[in-house]
Amino acid sequence: MTMAPDRTKLLEVRNLRVEFPMRRGTLVAVDDVSFDIAPGEVLGVVGESGAGKSMTGAAIIGLLEPPGRIAGGEIRLDGRRIDGLPYEKMRRVRGREIGAIFQDPLTSLNPLYTVGRQLVETILTHLDMSEKAARERALQLLQDVGIPAAERRIDHYPHQFSGGMRQRVVIALALSANPRLIVADEPTTALDVSIQAQIITLIKRLCREHGTAVMLVTHDMGVIAETADRVAVMYAGRIAEIGPVRDVISRARHPYTEGLMGSIPKIGEAGGRLAQIDGAMPRLSAIPKGCAFNPRCAKAFERCRAERPEPLTVDATDVACWLYDPAPAVRR
Amino acid sequence: MIAFVIRRLLQAVLVMMAVGFVAFSLFAYVGDPVAIMLGQDFTAESRRLLVHELGLDQPFFVQYVHFLLNAAQGNFGISYRLARPVSELLLERLPATLELSLCAAALALAVGVPLGVYTGLNRESWLSRLLLTVSLVGVSLPTFLIGILLILVFSVVLGWLPSFGRGTTVALGWWTTGFLTESGLRALILPSVTLAMFQMTLIMRLVRSEMLEVLRTDYIKFARARGLSDRAINFGHALKNTLVPVITITGLQLGGIIAFAIVTETVFQWPGMGFLFIQSVSAADIPVMAAYLVLIAFFFVMINLVVDLLYYGVDPRLRIDRAAAAGHGH
């Protein structure tokens, strides 16, 4: 598959809302989130912990932890709705069409089975082939993800691999049925810094080779800059800004994104303090009225405290901020 | 692996020597066997002779070593009460106790594990809640009470099953079995259920909590994300990961079942070692008590050893870490 610019949408998420019914009212973890991913595209999703990025990923693969549930909106894969699919049908989407990579490779693999067995098991679940062919495919996958001496390692148990190697095995598992989309939730966070770049490069290379799209959830702006085609910045359950990664990094429009960019140290620039955003992201149970970011925003004005901003298109970027409203109704 | 087995065997020998010491102390501190054996009329001379004959005039340590050497050869002396060799008495009753205990253990496992898996997977269903509530009763009711209630219902009121004894047994060499006759099997039901009840509920609750624990782990979530079927996840991935603690507890429980068969055997007049032990206690028949103590300790030690070896079968981390550690000379 080539990487020709493809306008068709592989994944469409429309007005997604994820709720957690709690004893004292309902928490809204993801609120009115919409975005698309094109075939072969890498969409980075950044935000602080609790911003709803992992929840969005979990909702897409249909594995929200109860009592969490999709309370509104739709998720389409190739035009077909996959939210609310019966469990058994969704199970066939998972692994087959949407692969997943989790944060902690040390705990993602079952300690009692060899990596080969876990690969073969996944392959046979989704693809119609003989046990022997599945094992050959498993071996090929291990070689693809760069496991040295794969013929020997295929019969080893997870605890015999290092963290970085285990994440490679996890990637092989995610790719084992050749899915069209991979949801990678913080795939490098638990790894040594020296290994992180290798894993990111690997994911990028494999997905380009297989034409697999990636939803890369992370809080690491550096990883996004390195890997993603487009980036969505999430704040308190909503998308603050989504656009091509170059634009968002060089010309951040949302004040929150600006703040995020300001907090990344730049090599070669004169020292001095890093900019930081004052305050903390609100708890889900206490999201302020209007724009959720307004109490921390230096540019906030009256409307921000009263009305929730809807996404506005500025060039190739959608930004949810009243600063960009062409009709400056109440703007001071 | 072999080094491990040897080390465990040496530990087992130490444990057995310690138990032997306790058992031997019974002779010195519980009652006066000489007085019991001599009866009412004796002279100082006949007493001195008997004491000498029994070796009781030897120093304590020598007596202990004698006891250990004899015990190691299966010679525990003569029963005061029945005037027959203790080893013979125990050997006669061993099959009854072992058959009862193994039946109870098999029952506890066969019922406890599936119920534990069910209640772990269907946490919210009414049947799970009911089972958990009932299991609390099973854990808290004393064994003898369960036995008596079962006798009341199934023997006295309904008259379906015998209330005591082993029924007709068949001798296979020195081993007498109740498995081959209908009355033997019928007689086995109530005592087995009674003895199994506590372990069954314990295993069920253990499997349930382990299942709940394992189902929360990342590798189960990841297995779901890989699209594996529920069956593969629940039984292939989750259940197997609960086995190490379940094997541990079940193993220890098997020892417990054999030892605590005393109560069940007494309630059902089951002609096993436990019943013999109770009778011996009331008659201060110390050789039998001491031998029983040693034998039960032996069962515990052997079962623990087997349990440790089973870990190797279940958990590859143990297998390979040891092998790797040995290979690299750490």
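What follows is a run of questions about labels, each with a reply.

Me: Before the details, what kind of model is this, and how are things numbered?

Reply: It's a predicted model, where local features need pLDDT of at least 70 and side-chain atom pairs count only at pLDDT 80 or more, while totals for chains, interfaces and linings use all residues. Residues are numbered from 1 along each chain as its sequence is written, chains are lettered from A and ligands numbered from 1 in the order in which they are written, and side-chain values use heavy atoms, with hydrogens and water left out.

Me: What makes A:Tyr256 and A:Phe293 an aromatic pair, and why is it called edge-to-face?

Reply: Rings of Phe, Tyr and Trp (its six-membered ring) pair if their centres lie within 6.5 Å; planes under 30 degrees apart count as stacked, over 60 as edge-to-face and the rest as tilted. Here the centres are 5.2 Å apart and the planes make 65°, so the pair passes on distance and is edge-to-face on angle. Over all chains, this rule gives 10 aromatic pairs.

Me: What does the pair of A:Tyr256 and A:Phe293 tie together?

Reply: A:Tyr256 sits in helix H11 (residues 255–262) of chain A and A:Phe293 in the loop between H11 and helix H12 (302–306), so the pair links parts that are 37 residues apart in sequence. Helices here (H or I, at least four residues) and strands (E, at least two) are DSSP runs, numbered from the N terminus. Both A:Tyr256 and A:Phe293 are buried; that word means under 20% relative accessible area, with exposed being over 50% and partly exposed in between (1.4 Å probe, protein chains only).

Me: Why is A:Arg303 said to lie over the face of A:Trp322?

Reply: A charge sits over a ring if NZ of Lys or CZ of Arg is within 6 Å of the ring centre and within 35 degrees of the ring normal. A:Arg303 lies over the face of A:Trp322 at 3.6 Å from the ring centre. A:Arg94 does likewise over A:Tyr87, at 5.5 Å.

Me: What makes something a nonpolar core, and which residues touch the most other members of the largest one?

Reply: A core is a set of buried Ala, Val, Leu, Ile, Met, Phe, Trp, Tyr and Cys residues joined through side-chain atoms within 4.5 Å. The largest has 104 residues, and A:Leu11, A:Phe35, A:Ile60, A:Ile98, A:Leu142, A:Ile171 and A:Leu181 touch the most other members. Helix H7 (residues 163–175) of chain A gives the most to this core, with 7 residues. As a rule, in soluble globular proteins nonpolar side chains tend to be buried together.

Me: What does A:Ile171 touch?

Reply: Leaving out residues up to four places away in sequence, A:Ile171 touches A:Ile101, A:Val145, A:Ile199, A:Leu202, A:Ile203 and A:Leu206; contact means heavy atoms within 4.5 Å.

Me: How much area do chain B and chain A bury between them?

Reply: About 2,300 Å², 59% of it on carbon and sulfur atoms. Buried area is the accessible area (1.4 Å probe) that two parts lose on being put together, summed over both. The contact takes 23 residues from chain B and 27 from chain A.

Me: Why is B:Val139 called partly exposed?

Reply: Its relative accessible area is 29%, so B:Val139 falls in the partly exposed range. B:Val139 lies in helix H6 (residues 126–140) of chain B.

Me: What makes phi of A:Glu186 worth a look, and is A:Glu186 buried or exposed?

Reply: Phi of A:Glu186 is near 50°, a positive value in a residue other than glycine. Most residues other than glycine have a negative phi, and most peptide bonds are trans. A:Glu186 has a relative accessible area of 6%, so it is buried. A:Ala149 also has phi near 50°, but at 35% relative accessibility A:Ala149 counts as partly exposed.

Me: Which residues does a cis peptide bond join?

Reply: A:Pro66 and A:Pro67, with omega about 10°. A:Pro67 is in the loop between helix H1 (53–60) and strand S4 (69–77) of chain A.
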